[in-house]
Amino acid sequence: MTRQDGNRDPAADTQVVVLMGGMGTRLGLTDRPKAMADINGRPFFDYELMMLKRWGFWRFLFLVGHQADQIEDYYGDGSGQGLEIRYSRDGRSQLGTGGALKQAEAMLDERFILLYGDSFMDMDYRELVYRYRLERKAGKSGVMAVLKNENQYDTSNVIFRDGALLLYDKAERSADMQYIDYGVSMLSKEVLAGLEPGKKCDLSELLTALSKAGKLAGQEVCKRFYEIGSPASREEFAAYAKQRFCRANRALFLDRDGVINEFCFHEETEQLDSPFTKEEFRYREDVISTLKAVSDMGYLLFIVTNQPAAAKGKVSLKALYDLNTWVARDLQEKGIRVEASSLCPHHPAGDRRTRAPFLIRRCGCRKPKAGLIIDILKIYNIDMEHSWMAGDSYTDVLAGKRAGLKTALLGEYKCDVCHRLEGNRPDRVLQDIRELEGILREDI
């Protein structure tokens, strides 16, 4: 099956390989495989599949073993969901995660995303594909998503420093390991060359060898993962899923530059532009206190921002993603939980100086289009009647209106803005971000 869609991000054609062989012994499962454990009336993996479909992925390979028939009967070939799903079975004996991957070698693309079917991982998967492309050019064979963990959710097993993955090792732990593997990697098929077919082995051994050879890069993520390795962790995820997917949540969507942070003067271009590094990043006055107050009111916070600098050749795509991650983590450390910080890196014209020509394209996510917001609405239950988009540009107002949100314009409502809004007036015009707290309290 092939697809022709000029508006779809090319990253969506990446093959996604899912390890689905878990038995669920600690959960006491006897009638179904672990990935099919019941969570609020639906199989656990349905929730992760929702995340992957949000990014447009449609080509899947499920590595199955224990009670494989249940998985194949439930998901089928995927055509009912607009997907393509194929299967690779362990065979007569369990091969382990590494052995299952080797068993499927003939069905693998030259590059693929690999993840676990018994974990819930909400991250920017498009960023993973882009980072893999960049790191592949630098000689890496894979990229592993990592989370700053400090032994919180499980024992940390990664040394990740200054943006570089220095070591991954589950067997030999050290005090320098503050990060943990998130459960998602993108790999080149060549990494399987040294594995013996039909022999049981663990994926961690393969990834450890890659890291020690300097062939494994890292992508830092900020949101915690959930897994269902025990009855307690299963109940924890069930409660989280109920709150996120069943209950309607009020939300505040925010533009970034000019709203959360100041614009930055760049000497080389002699222009005001977005900051490109954390050293250039400056929060606007009263932003932190306002976001804390809004979060305390129960609003979910989302950042949606156009960042075309890499497409225009001003900075690398890696730098844009690094700053986006730093902002989310810094706000987290300041006590502000950002549910997602989504950026559009595309530009329809771009510039010949760009190091990432694949970013020069028309897309559905660049504001004033509503794609950044709509993608989030696919994976959250949002109370649309009481949710807002706040920004300093007509593009933010139009994107919010098109997504069905109330809108707040920060700044003066001038004639040129009025013309560009095509008759779509913002619901409120604010001179100061502090006024957001008041209008959101009124809307509760």
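Q: Where is asparagine 151 in this predicted model, and what makes its phi worth noting?
A: In this predicted model, asparagine 151 sits in the loop between β8 (142–148) and β9 (158–161). Its phi is positive, about 65°, although asparagine 151 is not a glycine. Most residues other than glycine have a negative phi.

Q: Which value makes glutamine 67 count as partly exposed, and where does glutamine 67 lie?
A: Glutamine 67 has a relative accessibility of 26%, and because partly exposed covers what lies between under 20% for buried and over 50% for exposed, glutamine 67 is called partly exposed. Its place is in the loop between β4 (59–64) and α2 (68–75), and its phi, near 50°, is positive in a residue other than glycine.

Q: How do you know that the peptide bond from lysine 367 to proline 368 is cis?
A: The omega of the bond from lysine 367 to proline 368 is near 25°, and the bond is cis. Proline 368 belongs to the loop between β18 (338–344) and α9 (371–377). As background, most peptide bonds are trans.

Q: Why is aspartate 169 called buried?
A: The relative accessibility of aspartate 169 is 6%, and since buried means under 20%, aspartate 169 counts as buried. Aspartate 169 is found in the loop between β10 (164–168) and β11 (179–188), where, leaving out residues up to four places away in sequence, it touches Asn157, Met177, Thr208 and Lys212.

Q: Why is valine 191 called buried, and which residues is it in contact with?
A: Valine 191 has a relative accessible area of 9%, and as buried means under 20%, valine 191 is therefore buried. This valine is found in the loop between β11 and α5 (203–212), and once its neighbours within four places in sequence are left aside, it is in contact with Ser141, Leu206 and Leu210. Between valine 191 and arginine 361 there are 32 Å in space, C-alpha to C-alpha, and the two are 170 residues apart in sequence.

Q: How do you know that helix α1 is mostly covered, and what follows it?
A: Of the eleven residues of helix α1 (residues 44–54), ten are buried. Among them are Phe44, Phe45, Tyr47, Leu49 and Leu52, but also Asp46, Glu48 and Arg54. Glycine 56 follows α1 and has a positive phi, near 90°.

Q: What makes up the largest nonpolar core, and which helix gives the most to it?
A: The largest nonpolar core has 52 residues, and those with the most contacts inside it are Phe45, Phe60, Phe62, Tyr75, Leu115 and Val184. Helix α4 (residues 125–137) gives the most to this core, with five residues. Apart from it lies another core, of 36 residues, among them Ala37, Tyr240, Cys365 and Ile379. For leucine 115, contacts beyond four places in sequence include Val16, Val18, Phe45, Leu52, Met121 and Val184. In soluble globular proteins, nonpolar side chains tend to be buried together.

Q: What volume does the largest pocket have, and what makes up its lining?
A: About 1100 Å³ of space lies in the largest pocket. Its lining has 41 residues, with Lys34, Thr97, Tyr116, Asp118 and Lys170 the closest to its centre. By class, this lining has 15 nonpolar, 15 polar and eleven charged residues. β4, α3 (96–103) and β11 each supply at least two lining residues, and β11 gives the most, with four.

Q: Which residues lie nearest the centre of the second largest pocket, and which element gives the most to its lining?
A: The second largest pocket has a volume of about 830 Å³ and is lined by 37 residues, of which Val221, Cys222, Lys223, Gln332 and Val338 lie nearest its centre. α8 gives the most to this lining, with six residues, and the elements that each supply at least two residues include β8, β12 (216–221) and α6 (231–246). By class, the lining of the second largest pocket has 15 nonpolar, eight polar and 14 charged residues.

Methods. Residues are numbered from 1 along each chain as its sequence is written. This is a predicted model: local features need pLDDT of at least 70, side-chain atom pairs count only at pLDDT 80 or more; totals for chains, interfaces and linings use all residues. Side-chain values use heavy atoms; hydrogens and water are left out. Buried means under 20% relative accessible area, exposed over 50%, partly exposed in between (1.4 Å probe, protein chains only). Contact means heavy atoms within 4.5 Å. On a 1 Å grid over the protein atoms alone, a cavity is a set of points where a 1.4 Å probe fits but cannot get out, and a pocket is an open set with protein on both sides within 12 Å along at least five of seven lines; lining residues have an atom within 4 Å of a point. Grid points are joined across faces, edges and corners, and a volume is the space filled by probe spheres set on the points. Ala, Val, Leu, Ile, Met, Phe, Trp, Tyr, Cys and Pro count as nonpolar, Asp, Glu, Lys and Arg as charged, and the others, Gly among them, as polar. A nonpolar core is a set of buried Ala, Val, Leu, Ile, Met, Phe, Trp, Tyr and Cys residues joined through side-chain atoms within 4.5 Å.
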